[in-house]
Amino acid sequence: MDDLDALEAQSVFILREAFNKIDPIGLLWSLGKDSCVMIWLAKKAFLGRMPFPAIHLDTGKEFPEAYAFRDTYSKEWDLDLIADDCPPIEDVDAGLPPASRFAARKSLGLQQAIDQYGFKALITGIRRDEQATRAKERVFSPRGVDNSWDFRKQPPEFWDQYNTDFPPGTHVRVHPLLHWTEVDIWRYIERENIPMVPLYYAKNGQRFRSLGEIGITEPIESTATTIAEIITELEATRDPERAGRTMDHETEDSFERLRTMGYL
Amino acid sequence: MNANNIARERAFPIVIVGHIDHGKSTLIGRMLHDTNSLPTGKVEELQSSCERRGAPFEWSFVLDALQLERDQAITVDSTQIWFHTENRRYVIIDAPGHREFLRNMVTGAASADAGVIVIDAKQGVSEQTRRHAYLLHLIGVPQVVVAINKMDLVDYSEDRFKTVEGEMQTYLEEIGLTAQAMIPVIAMHGDNLATRSEHMSWYVGPTVSDALDTFPRATAPVERPFRLPVQDVYRQDGRRLIVGRVESGQLQIGSEVSVWPTRRSAKVVSIERWASPGTETVIRAGQSVALTLDDELFIERGHILTLPTAGPRSSNALSVKLFWLSRDPLRQGEYLTLKLATAEYDVVIDSIDTVIDVEDLSRHRGHEVEQNGIAEITLRSRSDITYDLFHDIPTLGRAVLLDGYHVVGGCIIEGGGDIETASRNLTAVPQSVNAYEREAANGYPGAVLWMSGLSGAGKSTLAMALQRELFNRKINVYTLDGDNVRNGLNRDLGFSEEERDENIRRVAEVAKLFADYGTIVISAFIAPTNFVRAQAREIVGDQFHEVFVSADMSVCESRDVKGLYAKARRGEITDFTGISSPWEPPENPDLEVNTGELSLDDSLKKMIAYVEQSILKSAK
């Protein structure tokens, strides 16, 4: 077993625990590299077909390449796709900085999906190495009734015995990729030959390292046109992955504020 | 090794522990900086943030990324962060030193392959240092280094270092941990972290990063006995896939496996995969797998697959060493849930045998275990627990304890044995009348006569005749059949394969309750597969008597009392047993009654003779 096998085995274990213990459950598909890897892992865990819906929180502001990718691979991967529109920007707290306010539409969209479909848990593709705040997460992370995250009151989690039973009203986020790094993700994409939105690959000297919506995501300077070149680039860089995400940097704590409000 | 190769292997997980303010976070922050592992701009970002707040910059701020933590100046939760030496990549788990956050320290440390214990040279070994060292040992972190920090505050004194070193050495030896190295450091200035100190020439041992690089990686225990705890069972294309993660050992396709606790066995037919074409015919520790077997045994989550030759242990009581995380003290007689691999057991605290004082390692008897306390206790379960000793197979020899929704502790299994109780039928709330008393009062034991057979075989007719005969003899008897169950208890169920299985499972549970009450239960259901009948036998237990009402398909179809066969042949009924859904005749029934060959009267006589012989015998 090499290290990618070990990462895969652990994620498959987590996905099977979630499916066994929590019903109904859904998987959040941002169309980005991490959630595509997660769907791939789910297909491995459940031997070909993901037995729960993939949810795309649609703000209407994805790049055209991302929508094309969604349309193609929701069919190709035989996904049970839920792609409802997020509530409009007017519904979001106007006190937030502009990009954070835009990103917060997803939090409302998330709440809407939970209310409408009754999901008790959602599987998301966050990783500990992405952002300092995410380093504190549990694999099975309980949220309050209002979807808020209180990192001080997290339950103990050890020996792969996840907290799967919660009092009524608790909502759970499941994180099967928590232990992966950005380089791990790309090495796995390379090994498994997993299709990706083409915006990740350099064109005219630029590529997206982290993919969000039009207007709040900036590309990086890059000449990496293949997975191998992307891996080489990442191994050399000391820039943070989410540097291109505007809302993380508007104020010192804006990402943290988004998180406590229920943002991924 | 160059940077590219380092990035392409899995990070080595280490945990940093120690008393609050002894300098754990400073050590990590400085280590990240000295090994060039920080993102561009991180230190500058924090320095400017400190300036705005009018506070001096500290290395620990690198980790204390959350605003609230900076304000309170303590590390609340465990944080993970990556760094690399010249030789390999590490993921550091910074565990909080504050006593209140021990649960987070355990959360962080449990996934580490090695630990660094940080001690303030001036303050020396504290109670919290000892507790952390003890817990590292208890949760199975096998290797440690000790960093004796803030050497500048004791004038780089070798004597002071030797004193603290000696004190820690003695403690670690007593609990059975060996430190790879004891290193004098000044975390704030980076002395002896990644670079050798210029102030302590008397020290000739390794730096912290050198010492870490010598730790061997934890490897999956492939050489130990095979253990596959069942996580789930999936149905796919009419097959049942047993899924789970191999915790230890290895297994070849075609091997025979034993299932615990049912102690049935079957052969492994195939390993199922998606998008992982491979010709590998062996599964090994660490892999998440899906298997098919050659026999439809009753298998469910919590069962364990092993090789027939090297099985696990099984008993209704365990001796464990426990760490207790709940605010409320643990007391004898409390009921908890034990989660061991994928199984869950209801357990009662039978006794608190020894409470261990981590300060001086003294052992004394106690009536309760306080929060963050460590003790040896005996747990008792209503059913047998399948397990291994922690020493033999760690993942099958440790368990988490829950009180309701909350994780309240963890334990490692050091021994086990059966505790004789007044009744093995002990339940979470013990019944005040047990099965033996009921049997003595009634003059016969409760029992379940489980009749199965094709539609039209005569199950209901025979069941009703038998019920009348036993009732006439003043025996408590009740018949469960499709009509009285499908219209009430199971009216939410349809006729798909899953729903039919669930129907039978519920019937078996109800039958067990009636039998526990002392009734003779007659059940009359098709129960078409070995799987559902095995499950029913499992649920009911010793009181289960399997009766096969056999009649050839042709006989049943010619009778066709309800006209169902005709409808099924015309396709008006789907999933009809024997025609459009499978029928597996019972292989080893306790009694077979062939209603195609015997008259109703003779069939009834045969059944009565069996009941007199096998159930009512104890009445004599």
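Buried means under 20% relative accessible area, exposed over 50%, and partly exposed in between, with a 1.4 Å probe and protein chains only. The model on screen is predicted, so local features need pLDDT of at least 70 and side-chain atom pairs pLDDT 80 or more, while totals for chains, interfaces and linings use all residues. Residues are numbered from 1 along each chain as its sequence is written, chains are lettered from A and ligands numbered from 1 in the order in which they are written, and side-chain values use heavy atoms, without hydrogens and water.

Start with chain B. Of its 620 residues, 53% are buried. Its secondary structure comes to 16 helices and 28 strands; these are DSSP runs numbered from the N terminus, helices being H or I with at least four residues and strands E with at least two.

Next, select residues 600-614 of chain B, which form helix α16. Colour B:S603, B:L604, B:M607, B:I608, B:Y610 and B:V611, the buried residues of α16(B). They lie on the same side of the helix because they cover an arc of only 160° around the axis, taken from the directions from the helix axis to the C-beta atoms. On the other side, B:K605 and B:Q613 are exposed.

Now show β24 (447-452), α10 (459-472), β27 (544-550) and β28 (591-594) of chain B: the buried residues of α16(B) pack against these elements.

Stay in chain B and go to B:P261, in the loop between β10 (256-260) and β11 (264-271). The peptide bond from B:W260 to B:P261 is cis, with omega near 5°.

Last, move to A:L31, in the loop between β1 and α2 (33-45) of chain A. A:L31 is not a glycine, yet has a positive phi of about 80°. At 0% relative accessibility, A:L31 counts as buried.

Methods:
The expected span of a helix is 1.5 Å times one less than its number of residues. Contact means heavy atoms within 4.5 Å.
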